[in-house]
Amino acid sequence: MIELTEETYKQEIATGTVLVDFYAPWCGVCKMLKPKLEDLKHIKVCMADVDKWPKIAVEHGISNLPTLILYQDGKEQKRGVFDLLKEIGGEANEKE
């Protein structure tokens, strides 16, 4: 997984299908979600730490953690968490 910064965000989402995970190190659900994201081999997965890069979170209207945004060639297609993960082929059991 690629750790995003304010400088690399636009470049990393610019081409192809990219899933961005907005997270914080203290977020329990974010920690639970990380192994599920690591299992995704068919899609580029990037992570944006909202504590390190709050400007990214504000620019993308992130108000809940975790939040996943799916991009296609730089354009947002969908956002969600477990529903989106399940849709793209990841295991999404919230109760694990």
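The side chain of H60 reaches the backbone oxygen of I56 at 2.8 Å. That is a polar contact, meaning a pair of N or O atoms within 3.5 Å; within protein, one must be able to donate a hydrogen and the other to accept it, and residues adjacent in sequence count only if both atoms are side-chain atoms. H60 sits in the loop between α3 (54–59) and β4. Helices here are DSSP runs of H or I of at least four residues, strands are runs of E of at least two, and both are numbered from the N terminus.

Before going on, the ground rules. This is a predicted model, in which local features need pLDDT of at least 70 and side-chain atom pairs count only at pLDDT 80 or more, while totals for chains, interfaces and linings use all residues. Residues are numbered from 1 along each chain as its sequence is written, and side-chain values use heavy atoms, with hydrogens and water left out.

On confidence: pLDDT is the predictor's confidence in each residue, from 0 to 100. The mean for the protein chain is 92, and 93% of its residues reach 70 or more.

Is H60 buried or exposed? H60 is buried, because its relative accessible area is 18% and buried means under 20%, with exposed over 50% and partly exposed in between, using a 1.4 Å probe and protein chains only. Not counting residues up to four places away in sequence, H60 touches Y9, F22, I69, Y71 and R79; contact means heavy atoms within 4.5 Å.

R79 is in strand β5 and is partly exposed, at 37% relative accessibility. A polar atom of the R79 side chain lies 2.9 Å from the backbone oxygen of H60. The R79 side chain also makes a polar contact with the side chain of E76, again at 2.9 Å. With neighbours within four places in sequence left aside, the contacts of R79 include G61, I62 and L84. R79 and L19 are 60 residues apart in sequence, yet their C-alpha atoms are 9.3 Å apart in space.

Next, the sheet. In what order do the five strands stand? The order is β1-β3-β2-β4-β5, in an open sheet with mixed pairing. β1 (2–3) and β5 stand at the edges with a single partner strand each, so one side of each has no neighbour in the sheet. Two strands pair if DSSP finds at least two bridges between them. β1 and β3 run parallel and are joined by two bridges, with I2 opposite C46 in β3.

Y71 has E76 in β5 as its bridge partner. The two strands form a hairpin with two residues between them. D73, in the loop between them, has phi near 50 degrees, a positive value in a residue other than glycine. D73 is partly exposed, at 45% relative accessible area.

One more backbone feature: the peptide bond from L65 to P66 is cis, with omega near -10 degrees. P66 is in the loop between α3 and β4.

Now the interior. A nonpolar core is a set of buried Ala, Val, Leu, Ile, Met, Phe, Trp, Tyr and Cys residues joined through side-chain atoms within 4.5 Å. The largest one has 19 residues, and Y9, V20, F22 and Y71 have the most contacts inside it. α1 (9–13), β2, β3, α3 and β4 each supply at least two of its residues. β2 gives the largest share, four residues. A second, separate core of 13 residues includes L40, I43, V45 and L68.

Helix α2 (residues 28–38) has C30, L33, K36 and L37 buried. Seen down the axis, the buried residues of α2 fall within an arc of 115 degrees, so they line one face of the helix; the arc is that of the directions from the helix axis to the C-beta atoms. Their cover includes β2 (17–23), β3, β4 and α4 (82–87).

Last, M47, in strand β3 (residues 44–49). M47 counts as buried, at 5% relative accessibility. Beyond four places in sequence, its contacts include M1, I2, D21, Y23 and K34. M47 and F82 are 35 residues apart in sequence and 16 Å apart in space, C-alpha to C-alpha.
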